[in-house]
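Let's take a friendly walk through this structure, one topic at a time. Have the coordinates open as you read.

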Amino acid sequence: MSFEELLTRPQYSLTQVEKEALLLPELRALTEHHQHDSSEYARLLSVLPDRLVSTLADLPFVPVNLFKSHRLSSVSEEEIFKIMTSSGTTGQQVSQVILNRKTAGRQSQALAAIMTHVLGPRRLPMIVVDTPNVVKNRKMFSARGAGVLGMISYGRQHFYALDDDMHLDLEGLKGFLTKHQGQPILIFGFTFMVWKYFYEQLKDAGVDLSQAILIHSGGWKKLVDEAVDNAEFKRAFNAATGIDRIHNFYGMVEQVGSVFMEGDDGFLYPPNFADVIIRDPVTWEEAPHGAVGVIQVLSILPTSYPGHSILTEDLGVVHGVGDPANGWGGKQLQVIGRVPKAELRGCSDTHGAEVQQARAAR
């Protein structure tokens, strides 16, 4: 089944057995494609022992850090449409991800299919938990700005809830909610900012967000430091605002479009065109369900760079597989945290450094 056919099927509608049977030939073909067209990737494979790829776990993987130290490309300079970079605090190297128009288009189509599964086919009035300058002021433009730009296409009549000093525009928010009373509303922001600058300023204001769908993403490290986990995040938001549709998602710049959306049961699910494997950090063999290990992500989207099989710097657990009949088929992933000594790299992690730089530049 081609990417286009996988895209047209409702997301999360495949059983795990169906998915692996469909993804394996696509991922094997991508490995051969990148080996042929990327000299860097070919050199990497040349030092690995020959291995029969009969399951997804047999596929070779690229450590995510390699995108910081090497420019991995499978296209000519003339074909490069865009180079995406990861977020990073001052002094850190950032990943470079080479995109041609084909891969960028596949990423956009894939992300739209995932969001449609959660939001429905119509664009909703949207609250962006950020400042409007995050997409206007080029001095502030970053992975955070790119993330907001990527999401605002799924909403309309956007309202930016914060000013440049992260103060909530409460009166503006109330006016927006009155204007769209009785309609479903999309709220998007990065996890730490949603909690620190939206919830914290909103919790005693008596604002009703029961019609809203909140989508958020980003590192949890800052919230873990404040003893806020996913369950507490949801409980507190629901108690203060009435909102009960909250979806976290897991993704990275090295595999844009293949985000793992949080299902109704709190687990993160890879879409039809992606999958996840947990690796034992000692043997590097696939870990059994329930065991903590290093997360490997698989995606059939990247054709312009060898990013179809990446070993991340995150720890996680696969708890089992979901039921397509309930709307969430595929592996049930829980992200535990970062591999010890891994660099901070999430948008929430780098937010503090960005704010300081932006204020210094005024």
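## Helix α5

In this predicted model, helix α5 has a series of buried residues: T103, A104, R106, Q107, A110, L111, A113, I114, M115, V118 and L119. An α-helix has 3.6 residues a turn, so residues three or four places apart point the same way.

## Nonpolar cores

The largest nonpolar core has 46 residues, and M115, L119, V148 and I215 touch the most other members. At least two residues of this core come from each of α1, α2, α5, β4, α6, α7, β6 and β7. The most is given by α5, with seven residues.

Leaving aside residues up to four places away in sequence, V148 touches V128, D130, V134, V135, Y160, F188 and F190. Another core, of 33 residues, lies apart from the largest one and includes F176, I185, L209 and A240.

## Two positive phi angles

Y12 is not a glycine, yet its phi is positive, at about 65°. Y12 sits in the loop between α1 (3-8) and α2 (16-37). Is Y12 buried or exposed? Its relative accessibility is 1%, so Y12 counts as buried.

M166, also not a glycine, has a positive phi of about 65°. The loop that holds M166 runs between β5 (155-160) and α8 (170-179). With a relative accessible area of 3%, M166 is buried.

## Salt bridges

How many salt bridges does the structure hold? There are nine. One of them pairs R51 with E285, with the closest N and O atoms 3.9 Å apart. R51 lies in the loop between α3 and β1, and E285 in the loop between β11 and β12, so this pair ties together parts that are 234 residues apart in sequence. R51 is partly exposed at 48% relative accessibility, and E285 is partly exposed at 44%.

R338 of strand β14 meets E313 of strand β13 in a salt bridge of 3.3 Å, N to O. R338 also meets D314 in a salt bridge, at 2.7 Å; because D314 lies in β13 and R338 in β14, the pair ties together parts 24 residues apart in sequence. E313 counts as buried at 14% relative accessibility, as does D314 at 9%, whereas R338 is partly exposed at 27%. Shared partners also join R51, D58 and E285 into one salt-bridge network.

Technical notes:
Residues numbered from 1 in each chain as written. Predicted model: local features only at pLDDT ≥ 70, side-chain atom pairs only at ≥ 80, totals over all residues. Heavy atoms only, no water. Buried < 20%, exposed > 50% of the residue type's maximum accessible area, 1.4 Å probe, protein only. Helix = DSSP H or I, 4+ residues; strand = E, 2+ residues; numbered from the N terminus. Core = buried A, V, L, I, M, F, W, Y, C linked by side-chain atoms within 4.5 Å. Contact = heavy atoms within 4.5 Å. Salt bridge = Lys/Arg side-chain N within 4 Å of Asp/Glu carboxyl O.
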